[in-house]
Structure formats: C-alpha cells, structure tokens
Amino acid sequence: MRASELSELAAFAAVARHKSFRKAGEERGVTASAISHAILNLENRIGVRLLNRTTRSVSLTEAGDLLQSYLDPAFGEITSALDALNRFRDTPFGRVRINVPNSIAPFVIGHIIGPLLEKNPNLELEISATDRLVDIVKEGFDAGIRFGERVSEGMIALRIKPRLRLVVVGSPAYLERRPKPITPHDLKWHLCIQNMFPSGARYAWDFEKGGQSVTFQPTGPLSLDDHELMVEAALSGVALAYVWENRVQKHIANGELVQVLGDWCQPEQPLYLYYPSRRHLSAGFRALIDAMKGKA
C-alpha cells in the first residue's frame, strides 16, 4: 500500500470518529479542505461512497460504517506497536490524549502539566476539557477522568489525586438579606442557582451528615452549566451556588464568599483515570499516570 493511500484511510478514520472535517483536520494537523480532498480521492479510488455530506452534518454510509469497523482496530494495533517502541527510548515520547471534565480540569490536571512536560520534553500532551459525556474510545482518547470506580466494561480505572467536594457558598451581601441556612431543608427559603449538565439536564444538590442524606433540587431563576459562572453569580450576590470547593477557596479566604452548610457537605467519591484494558501503556502514558497519582 502506498503512503498516500494509507494517509487517505487515516483521514477517513478521523472523519468517522469526529463526524466533522474540521475536527478531523485538527487531529491530523491539516486543513478541513485537505481532509475533504483525501476522502474524495479515496472514494474515487475504491468506487464507493463512504460519507453522507450536508452543509451541517457528516454521517457514514453503510459502506463507510463497514470500513470504519475494520480500520479502528487496525490503526489501534499500529498505534500500540509504535507505542511499544517507547521502551527502547530514554524518555517518554509521542502524543497522549486525555479527556477531563471542564469543571474540575484546572485543579485536577492543571498543576501537573508544567512539571510533566518539563521532565519529558519529547512528550506531547493533548487535553480536552468538557463536561459532556464522552466515549473516549470512539473519540480517540487514550484515557479519561471521572468520579467513581464504575466505568464501562473493558476499562481499567486507577485512583488518582485529589479528592474533591461540592460546597454551598453565598456573598456576605446575600446572606445579610436572608438568614444563613442551618440544614439543607432551609434552602427552600433561598435563591439557589440550578446546576446543569451540557445536555440541559439539572442535577440535585446532595448532602450528608451523621448517616442522614438529603437531596435538594433548586428551583431558582438562574440555571448555569459552568462552575466559573456560578462563582461569579454568587460573588454578585444574586443567589447561593453549589460549586467545587477548590474554585472558591480564595474567595472564602478573603471574605468575598461565605461557605454555608459546611458540616453537611461531604467529600466526593475519589477521582479515577480510566482507559481501555486492551491498550498498550506507552512510556508517555505511564508518565502521565505517575504524575496524576502523585508519584512523579
């Protein structure tokens, strides 16, 4: 097989994963036009249409779906073979792609990036921070981060640092207007920001104390899917916010925000780095694991 033909297949595999010429181009380091040209060459060469294209979407034809089912494991084997060569290098080498929830990314992985890349100058780290639910295999990630040890079948989960918890905060000005809540049941008398997933679904505020669990569903006038915006809203005095403690520590320390119901806010489940069990652990990926486990 000629190099140009292999490149066309790799371009198709990238489009099949992302359902986007632009994203495929970003992954391959070329323009969307170059990706489109490669796909057209491939379709003309084999005489079969692989993609359905509209101005707004890209989808696989039946033939494209069949080709993808063969290419994904084949390219996976090639990647594993190249990764395996890393053990002959003195330092980790190559690209590692990881998905992490945007709401916790700064204090889960932000602090390790500099030291990790400084220690491993041949390592290329690609981080996608998003709170949407991601299929790391389908989207070509080496690993992902999530709460809880329960992951999809065929995945390995490794506990990493830190432990995180959600807390309730409000500005002094807000708490001057309304009495400070003593128990989660008191929240019904307060304005509370509704927390949203990127899908638009709301999630409840969960509390626990002395074996008693309480779930509160905010019904306030403001709904947000970004914790930074929630913090800003709380700072403005508009409502109480249920956010990651790490994001508001400095505001609590300088008196801009006041934490309430602290004895009801229990630590979250530990964080886990998860990845496919069949994946070969390259030297670069091992370096990332060690850094996230606090061993590097």
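Q: Is Phe216 buried or exposed?
A: Phe216 counts as buried, because its relative accessibility is 14%. Buried means under 20% relative accessible area, exposed means over 50%, and partly exposed is in between (1.4 Å probe, protein chains only).

Q: Where do these values come from?
A: This is a predicted model, where local features need pLDDT of at least 70 and side-chain atom pairs count only at pLDDT 80 or more, while totals for chains, interfaces and linings use all residues. Residues are numbered from 1 along each chain as its sequence is written, and side-chain values use heavy atoms, leaving out hydrogens and water.

Q: OK, rings now. How many aromatic pairs does the structure hold?
A: There are 5 aromatic pairs. Rings of Phe, Tyr and Trp (its six-membered ring) pair if their centres lie within 6.5 Å; planes under 30 degrees apart are stacked, over 60 edge-to-face, the rest tilted.

Q: Which ring pairs with Phe216?
A: Trp205 does, in an edge-to-face pair at 5.9 Å centre to centre, with 70 degrees between the planes. Trp205 is in strand β10 (residues 205–209) and Phe216 in strand β11 (residues 212–216), so to speak distant parts of the chain, 11 residues apart. Strands are DSSP runs (E, at least two residues), numbered from the N terminus.

Q: And what about Phe207 and Tyr242?
A: Phe207 and Tyr242 make a tilted pair, 5.9 Å centre to centre and 55 degrees between the planes. Phe207 lies in strand β10 and Tyr242 in strand β13 (residues 241–244), so the pair ties together parts 35 residues apart in sequence.

Q: Which residues do ring pairs link into a cluster?
A: Trp205, Phe207, Phe216 and Tyr242.

Terms used: Helices (H or I, at least four residues) and strands (E, at least two) are DSSP runs, numbered from the N terminus.
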